[in-house]
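Here is a short briefing for a first look. Please keep the sequence and the 3D view open as you read.

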Amino acid sequence: MKSITATCYRYNKETDKEAYYKTYDIPVEENNSISVYNVLEYIYDNLDPTLSFFSHAACKQVACGRCSVKVNGSIVLACKEAVTAENILIEPVNEAKVIKDLICSK
Amino acid sequence: MNCNTNYDVVIIGSGGAGLRAAISAASKNCKTIVITRGKANRSGATLLAGANISADIGCDGKSLYEMGFKDANKHDSKQKWFEDLILEGFYVNDQDLVELFVEDAEKRVRELIDWGMKVKGLEGDRGISVEGSDILDTLIKKAREKGVEFIEDTIVTDIVVENNEVYGVISLDVLSGEISFVSAKSVIIAAGGMHSIFPFTTGSTDLYGDGQAAALRAGCELIDMEYISFCPVVIKHPEKYKGNLVPYIMHTIGYGDILNKYGRDFISTMYTKEVANLALNSEWNKLLISYAIHTEILKGKGTEENGVYFAVNNFPRQVFDEMYRELPALKKGIYKELTTYLEQGNGLVVAPAAHYFEGGIKVSGKTMETKVKGLFAAGECTGGLFGANRVSAATTEMLIEGALAGEKAGEYAMQTDRKAYIGSFDKYIEPLMKPFNKTKGISPIALRKQLQELAYEGLWVTRNEEGIEKCLAGVNEIMQYKLDEVSFINSSKVYNKEWMEYIGLRNMCMCLGASAKAALLRKESRGVHIREDYIETNNEKWLNKIIIEDTAFNHRFEAVNLTKVQLPDSKLDLKDFIVELVGKLS
Ligand SMILES: Cc1cc2nc3c(=O)[nH]c(=O)nc-3n(C[C@H](O)[C@H](O)[C@H](O)COP(=O)(O)OP(=O)(O)OC[C@H]3O[C@@H](n4cnc5c(N)ncnc54)[C@H](O)[C@@H]3O)c2cc1C
């Protein structure tokens, strides 16, 4: 078992004066390969249900093109992007348009 | 709460059924709006049909030949197709719907081609090969031309009904957290399957059975809920590709092997030669391979992830080249990652995944109307067309049903003279808001995991009395005691995932409960409903339909309507009955 540290951008306009970053540890089995989407799912399911990321109509098969996030500064599809490094930084695609956490307005 | 403009027709969902319905309704000069959870042309199962490599749309061979597909079978006929569909459905199809299916498929294919959809070629004996995304793009272009309006990222939570008449829908905009009443003279439910009740599915994350559950709450009935199709060769591990059915497509064409944890074939040893041949080389592979894999896992011969292996032997090396020639898409994007993994000699862990729901909302095969006046349904959320087993194209189902539902809902909207809704909205809003008023309680995430576990234990590929009973009892317990105790950690209404989860849960309970009830009642094996404790298909006793009447899961039996096809009265082991059915196909 290895561990990945994901640092996520967080912002809730109702309660936060400004955005902040929160760090989560995700265990990954040695022979597994996971995507950024899997990391976000793991955080929501097991560590922090307040995290918002695109998931209400996601294909998870690189077909709908709607789960974009910024990973280490580059815009990627969360379901397509494999997680290989031990540390990743996950941010919204456009900070100026953030509605909550990783969700941006259209 | 917002009270939006009045519409003639509101359509819930924007897969192929919803979009095709919108075109018909708008063609009747109705003010039409589609409210959809996802992006209008990038959501639902339609997008993923054929893993977006090659989806089929069904049509009889003769019509295809007449459309200019010279390799199609010109000796085929609608009547032969009708008879085959009844055999494939184990004789329990709604024959009005089958009639509609074989009659209208041709029109639906012709118009899509006219509207610009690209056809890659023929697929199988009765179909053309297309891309799921192209079906959606073609339909949405036409719908926009007709003036159809769209609201995206919005979940319809309930249908407003009084005195058995429809008044509109309640919806939640997930981005703002705003709840609205959208008034309409008629409503069409086209919200797709209920994949999310299972922990492992091929579907996208917008398919919770919202339509079926809302219909039941509105006073409609559900039919054939015991029949659930599994796609047998779906990736379970590595996690990144979980839910992808590309190995199934590869295997259906003829590539690769399915092996147990010892690396051994088990399909040809479990079945007689005749049945194994059907499993490995016919369209009956969904049912037969799912059955074989689940049996192998139950014997303890699956991998630690509760799957089996899919591997493509790298000898001779040219096999891969041949496969890339046949399926060029496998050299691109995530499929390239997958085939590279296979080329390196790795096995993908695969297992049967919940894939298609034969059962759903009961409609009239002549109008697509439900029991509620002005409320229609179309596509995968309906039940009855394919009976106990779908072999033919579900894409055709969504198109033919969508077109008719749109037309009839439009006609209804134009002639109804019912007054505006003056009733209360409390009964719709209160249950939605309840968890926000609780400071401590049960997590909706924990409940979802529990519910999915119940589905996996009770309604997976092969079933038995004990498992189904436990599943039904578990669902009832959640509905009666636990749903009321749900609370959230997140108190914001803006993109609150716990809230969405809770809304989904209410609907998942309804659908899983209805399916478990029907599966428990049907004490035989028929089609994809495989009971290890009643392995016979018993035509003496069980040639009937199970209708779930209400949210308490009361039920009744209905006889199968007799038409041109002679009904059997045999009692045979499921596998032997399949051989008999296949022997009768045209
Ligand atoms: C991976 C995969 C591959 C398949 N391959 C094939 C194939 O090759 N051939 C074939 O014939 N069939 C195939 N099928 C089945 C077929 O794709 C579906 O049966 C068909 O597309 C269903 O169409 P639909 O319009 O009824 O529903 P969907 O396409 O599922 O659309 C449902 C719509 O409703 C929306 N929605 C859901 N809930 C709500 C709500 N509460 N409020 C508002 N909107 C809501 C969704 O966002 C979506 O827009 C496949 C299915 C899957 C999952």
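## The ligand and its surroundings

Helix α2(B) contributes the most to the shell around the ligand, with 4 residues. Keep in mind that this is a predicted model.

**Who surrounds the ligand**

- The ligand has 39 residues around it, and Thr46(B), Asp56(B), Asp206(B), Asp210(B) and Glu380(B) come nearest.
- By type, the shell splits into 17 nonpolar, 16 polar and 6 charged residues.

**Polar contacts and cover**

- Glu380(B) places a polar side-chain atom 2.6 Å from an oxygen atom of the ligand.
- At Ala45(B), a polar backbone atom is 2.8 Å from an oxygen atom of the ligand.
- At Val156(B), the backbone supplies a polar atom 2.9 Å from a nitrogen atom of the ligand.
- The ligand taken alone exposes 1,000 Å², and the protein buries 97% of that.
- Two or more residues of the shell come from each of these elements of chain B: α1 (16-27), α2 (44-48), β3 (55-58), β7 (154-162), β14 (348-357) and α14 (394-415).

- Look for Arg37(B) in the loop between β2 (32-35) and α2 of chain B.
- Its relative accessible area is 9%, which is under the 20% limit, so Arg37(B) counts as buried.
- The side chain of Arg37(B) reaches the backbone oxygen of His56(A) at 2.6 Å.
- Arg325(B) is 288 residues from Arg37(B) in sequence, and their C-alpha atoms are 37 Å apart in space.

**Helix α11(B)**

- How many of the 14 residues of α11(B) are buried? The count is 13, so the helix is largely enclosed by the rest of the structure.
- Helix α11 of chain B covers residues 285-298.
- At 1.5 Å a residue, its 14 residues should span 20 Å, and the end C-alpha atoms are 19 Å apart, which agrees.
- Just after α11(B) comes Gly300(B), with a positive phi of about 85 degrees.

**Positive phi at two asparagines**

- Asn163(B) is not a glycine, yet it has a positive phi of about 50 degrees.
- This residue, Asn163(B), sits in the loop between β7 and β8 (165-173) of chain B.
- With a relative accessible area of 71%, Asn163(B) is exposed.
- Asn306(B), also not a glycine, has a positive phi of about 60 degrees.
- The loop between α11 and β13 of chain B holds Asn306(B).
- Asn306(B) has 35% relative accessibility and counts as partly exposed.

- His237(B) and Pro238(B) are joined by a cis peptide bond, with omega about 0 degrees.
- Pro238(B) lies in the loop between β11 (228-237) and α8 (246-253) of chain B.
- The bond from Phe315(B) to Pro316(B) is cis as well, with omega near -5 degrees.
- Pro316(B) is placed in the loop between β13 (308-311) and α12 (318-326) of chain B.

Notes:
Residues numbered from 1 in each chain as written. Chains lettered and ligands numbered in written order. Predicted model: local features only at pLDDT ≥ 70, side-chain atom pairs only at ≥ 80, totals over all residues. Heavy atoms only, no water. Near = heavy atom within 4 Å. Polar contact = N/O pair within 3.5 Å; in protein donor to acceptor, adjacent residues only side chain to side chain. Areas by Shrake-Rupley, 256 points an atom, 1.4 Å probe, with all protein chains shown as cover. Nonpolar A, V, L, I, M, F, W, Y, C, P; charged D, E, K, R; others polar. Expected span 1.5 Å × (residues − 1). Buried < 20%, exposed > 50% of the residue type's maximum accessible area, 1.4 Å probe, protein only.
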